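Hello,

Here is the structure you asked about.

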Amino acid sequence: QMILYDDHLIDRSEVKIDIEDRAYQFGDGVYEVIRVYQAHPFCMDEHLARLERSAREIYLQLPYEIEKIKSLLSQLIEKNNLQDGNIYIQISRGTAPRQHGFPKESRPLIIAYAQPNQRPLQDLKQGVRAITTQDIRWLRCDIKSLNLLGAVLAKQAAVENNAKEAILIRDGKVTEGSSTNIFFIKNGQLWTHPANHLILHGITRQVTLSLAEKLEIPVKQEAILESQIPEMDECFLTSTTMEICPIVQVNDQPIGNGHPGPITRKLQLEFEKQITQLHTV
Ligand code: PLP
C-alpha cells in the first residue's frame, strides 16, 4: 500500500510518525474523507475547500497549494489502483517538543491513504437504526478537526446498542449524527439543522440540499426537537461514505411505517444519478 507522506508516495511500512507529532498528541490538525467511485473522486474540490477552511480556522497553514494537493491525491488513487473506496487525508501541525501553544518552528505534515470500500448497498436499500445520545462535543463542530472523542464515544454507544448511528442532541434539539448529517421529512418538507458552528457542513448535506431544490422539495434549515422525532414521516442521514441512507428506527420507535420513505427514495435516486454520471461521461 502506497501512502502519501508530505509530497511523495512511500510504502506504508516506511512511514514514520514522531511521538511528538501534534496530531498524535493533541489531535492538533484537520482531515477529510473523499469518496472515490470507479477511480473518480466525488466532490474533490468541495472537500479540499473545506480542508482549507478547517485549517484556516485553527490557524494552520496548508503545506502546499490546493492544486498541488489535488495532483498528489490523484497520484495516490492511481498508484494504489483505487477503484471504489475512500481517500483519507490529514494535516497535522507538525512535530515539536510537547507544549500546548503553537510551536515557533514546526512544519505541517500531510498524509493520505486509500481505503478500498464498496457502497453500503444493503443499508441504502433497507435503511438503518439509530439511537439518540447527548451531544457532548465542543462548540466548533464546523471544523473537521482530528479531535474526535465526542464522536467516538457517541458511535460506540450506537455500536453497543446495535445501531448504525448516534443522533446527537444538544439542548433538546437534533444537531447531527456522530459522523453524518441528519434530515427529517414532515408533510413533504425537508428539515435539517442550519450550517452553523454546531454541525459539520457536510458535503453530502450540500449535495442533498441542491437535489431537493432540483426536485422542488421545500427545505427548512431549522433544528427539530428530540421530542418531535417520533412524529416525523421520514428520516435519513448523509455522509461521504454512507451517501443518503434512510433511518427507519430511532431508539425503539419506527419512523413512519418503519421502511424507507418515498421522498428519501427520490433523493437517493437522484444522488445515484450524480455518481453514475461521474464515470460514464
Ligand atoms: N457530520 C460529522 C460530524 C461528520 O464527521 C461527517 C463526515 O464524516 C459528516 C457530518 C458528513 O459530512 P460529509 O458529507 O462531508 O462526509
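Two elements, helix H6 (203-214) and strand E13 (234-239), each contribute at least two residues to the shell around the ligand. H6 gives the largest share, three residues. The residues around the ligand number 14, and those that come nearest are Leu200, Gly202, Ile203, Thr204 and Thr240. Sorted by class, the shell holds eight polar, four nonpolar and two charged residues.

Please keep in mind that this is a predicted model. The average pLDDT for the protein is 97, and 100% of the residues reach at least 70. For the complex, the predictor reports an ipTM of 0.99 and a pTM of 0.98.

The other residue I looked at is Cys245, which sits in strand E14 (residues 243-250). Is Cys245 buried or exposed? There are 27 other C-beta atoms within 10 Å of Cys245, and the cut-off for a buried residue is 20 or more, so Cys245 counts as buried.

Which residues does Cys245 touch, leaving aside those up to four places away in sequence? Its contacts are Pro120, Asp123, Leu124, Val128, Phe236 and Leu237. Two of these, Phe236 and Leu237, fall within the residue range of strand E13 (234-239), the strand that also supplies at least two residues of the ligand shell.

Regards

Technical notes:
Residues numbered from 1 in each chain as written. Predicted model: local features only at pLDDT ≥ 70, side-chain atom pairs only at ≥ 80, totals over all residues. Helix = DSSP H or I, 4+ residues; strand = E, 2+ residues; numbered from the N terminus. Buried ≥ 20, exposed ≤ 12 C-beta atoms within 10 Å, placed from the backbone. Contact = placed C-beta atoms within 7 Å. pLDDT = per-residue confidence, 0-100. Near = placed C-beta within 6 Å. Nonpolar A, V, L, I, M, F, W, Y, C, P; charged D, E, K, R; others polar.
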